[in-house]
Amino acid sequence: MLRSGVAPFVRWSAPPAVAAGILVAVLGARSSAAAPPRAAPPVDATLELTAACEAGSTEPSALDIALSLPLRGRPVFRLDDEVFGSRGMAALVSSATAVDARGPLALTRRLTAGPTLELAAAREVTGTVTLRYRARSVPVADDGARFGLRHDATGIGGVGGYFLALPESPGDYRVRVTWAPPACPAGTGGEGASTFGGATAETTGGLDELRAAAYFFGHPRVAAADDGDARVRTAWFGEPALDTAAAARWAARVFAAERAVFADDDPGAYSVFVRVLPELGARSNGVGQPRSLVLAIGPAIGFGPRLRTNLAHEMLHRWLGHTLRLAGSSFWLTEGFTVHYAAVVMQRAGLSTPDELLAELNVTATRQFANEYAGASNDEIRRGFFASDALSLVPYTRGALYAAELDGAIRRASHGLRSLDDALRALVREARAAPGRDGLPPEAFRRMVVRELGAAGARRFDAVIERGARPEPPDDAFGPCFTRRPRTVAVYQLGFDDRRSLVAPRAIRGLVAGSAAARAGLVEGDRLLALEPSFLDPDHEAAVTVERAGQPVVVRYLPARPGPRRDGFEWVRVAGVPDARCVPPG
Ligand SMILES: [Zn+2]
């Protein structure tokens with residue numbers, strides 16, 4: 001998940017921060033609640049899923065997919081072969097067959113340069129077409145896509161975008177999503193569920209919503225919790241090292257707090273699917289969708305600040321990234337504002353301590369100022385988002401700091417009568433009323449800034465967001481208990497090319513002469529056994545394990561570039577202000 005090709009349905013992808021466990025990603029498709037009314041009535045379709053066991057096993061290791069819908073012409077069913085940087089989705093698909101009203105329908109299978117798996121009808125079709133195929137899953141112990149189909153003794157499942165081959169079809173569908181009894185030995189237990197509900201559910205929207213949804217079968221630990229009319233259902237696959245019932249209660253509280261910010265009274269339940277993957281150790285990351293999120297967590301992670309922030313962040317994508325987004329890419333909004341709101345919503349709702357908020361704010365500030373690309377223009381970010389790990393993090397951090405600056409400016413200009421919350425609620429209403437699925441026009445946000453702050457606000461927007469100037473949140477942006485003070489920060493430099501070094505056979509590649517890594521003793525070509533990079537934090541040691549004379553050797557160093565430090569700032573507690581007053585303005 002370190003890298004992603006731009007798959008058609010992936011509108012946001014995870015930067016390598018994923019590796020550092022702060023991941024954030026959104027899969028496409030607007031929430032159906034946000035979809036504008038369209039003239040044509042929805043067309044009926046069916047998606048049937050069957051968990052399948054290999055001979056003799058009672059553990060499902062594949063899903064049999066049957067998709068039925070009326071089509072015209074010579075449809076082509078497509079599946080991205082590379083999703084969030086995970087290649088090989090096509091190889092997991094086998095036994096594809098199709099039938100329509102005229103009978104069996106031959107399919108031509110090819111892998112395009114996309115890379116995309118295409119299953120193309122060999123003739124014009126008539127009436128309802130049913131496509132069937134098997135999607136194989138990867139055991140959790142093996143290398144595989146983090147959010148693709150994975151299985152263990154507790155069940156099988158993943159995000160649709162990794163295994164659903166769908167035709168391109170712009171209309172709305174009313175899709176019945178059903179789980180058939182498992183194709184497994186008698187006595188194999190389990191139940192199916194998806195983003196849309198239980199064993200049988202229905203959803204109306206574009207087919208891309210099927211890709212953005214999650215599908216799981218098995219016998220997870222299930223925990224549900226309500227907070228007012230916010231309803232959250234959680235399902236945990238694997239053996240999490242945390243109290244799942246308490247986590248579900250917490251998730252309902254943060255979901256309620258976020259709904260309130262965006263004035264969302266949709267009564268539908270929100271689903272959280274969690275998969276334990278041994279490779280993640282004590283880390284986690286997730287994917288946010290309009291009505292659900294999927295988390296991949298390590299078996300050692302507890303329900304601490306990192307995982308809580310992860311949950312709050314992915315849930316926020318229901319609004320920031322799905323309902324509200326701008327045509328083209330606007331990572332500074334969909335990721336940066338999400339980073340900001342995850343921090344302040346948790347604090348306002350009493351779901352984080354002042355110390356936890358302070359730590360989170362300083363992680364964001366440090367990663368911004370230590371990033372060699374801190375001042376990249378928005379165009380450079382757009383062009384290079386998928387090409388550079390460090391560049392892809394700039395919109396998260398600079399966008400978050402700009403959100404804090406903008407909130408302060410709106411409060412000041414309105415003498416405390418308005419805040420960023422009000423401005424975003426207005427944009428969310430505008431997005432809900434807008435036709436089409438591509439998001440608001442890019443100018444919509446800037447127009448909002450002009451409404452709130454006049455021409456001076458627009459100039460700051462252009463300077464910070466478009467041209468990369470340093471954001472300047474007011475000192476009291478996070479309430480009376482925190483203030484900011486100047487701080488110089490070293491520029492982060494790992495000292496070798498981690499992406500190239502992690503390609504098998506793993507070895508140190510692209511070592512920078514004179515870097516902290518070289519001075520600490522790393523040598524070009526060293527066999528690389530493990531890497532804990534302290535991503536974009538020059539104040540925390542990187543630990544690189546290499547092999548020397550057949551023995552593992554851990555090389556530790558501060559990943560800071562030699563040379564002058566940069567001017568930045570940090571947040572500190574104001575002495576004498578009690579915790580009870582630490583709630584940010586809201
Ligand atoms: Zn995100």
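The model is predicted; local features need pLDDT of at least 70, side-chain atom pairs count only at pLDDT 80 or more, and totals for chains, interfaces and linings use all residues. Residues are numbered from 1 along each chain as its sequence is written.

**Exercise 1. Describe the span and burial of helix 8.**

Step 1. Helices (H or I, at least four residues) and strands (E, at least two) are DSSP runs, numbered from the N terminus. Helix 8 covers residues 389-413, 25 residues in total.

Step 2. The expected span is 1.5 Å times one less than the number of residues. For helix 8 the expected value is 36 Å. The model gives 37 Å from first C-alpha to last, close to that value.

Step 3. A residue is buried if 20 or more other C-beta atoms lie within 10 Å of its own, exposed if 12 or fewer, and partly exposed in between; C-beta atoms are placed from the backbone.

Step 4. Look just past the end. His-415 has a positive phi of about 55°.

**Exercise 2. Characterise the packing of helix 5 on helix 8.**

Step 1. Two packed helices are described by the angle between their axes and the distance between the axes. Axes are lines fitted to C-alpha atoms, for helices over the stretch in contact, and angles run from 0 to 180 degrees between N-to-C directions. Helix 5 (residues 331-348) meets helix 8 at about 65°, with the axes 7 Å apart.

Step 2. Classify the angle. Helix 5 is therefore roughly perpendicular to helix 8 (under 35 degrees is roughly parallel, over 145 roughly antiparallel, 65 to 115 roughly perpendicular, the rest oblique).

Step 3. Sort the contact residues. They comprise 11 nonpolar, three polar and two charged (Ala, Val, Leu, Ile, Met, Phe, Trp, Tyr, Cys and Pro count as nonpolar, Asp, Glu, Lys and Arg as charged, the others, Gly among them, as polar).

**Exercise 3. Find what helix 4 packs against.**

Step 1. Helix 4 (residues 305-316) has 12 residues, and 11 of the 12 are buried. Among them are Arg-306, His-313 and Leu-316.

Step 2. The buried residues of helix 4 pack against helix 3, strand 20, strand 21, helix 5 and helix 6.

**Exercise 4. Is Gly-281 buried or partly exposed?**

Step 1. Gly-281 sits in the loop between strand 19 and strand 20.

Step 2. Gly-281 has 14 other C-beta atoms within 10 Å, so Gly-281 is partly exposed.

Step 3. Beyond neighbours within four places in sequence, Gly-281 contacts Gly-298 and Ala-300 (contact: C-beta atoms, placed from the backbone, within 7 Å).

Definitions and conventions
Two residues are in contact if their C-beta atoms, placed from the backbone, lie within 7 Å.
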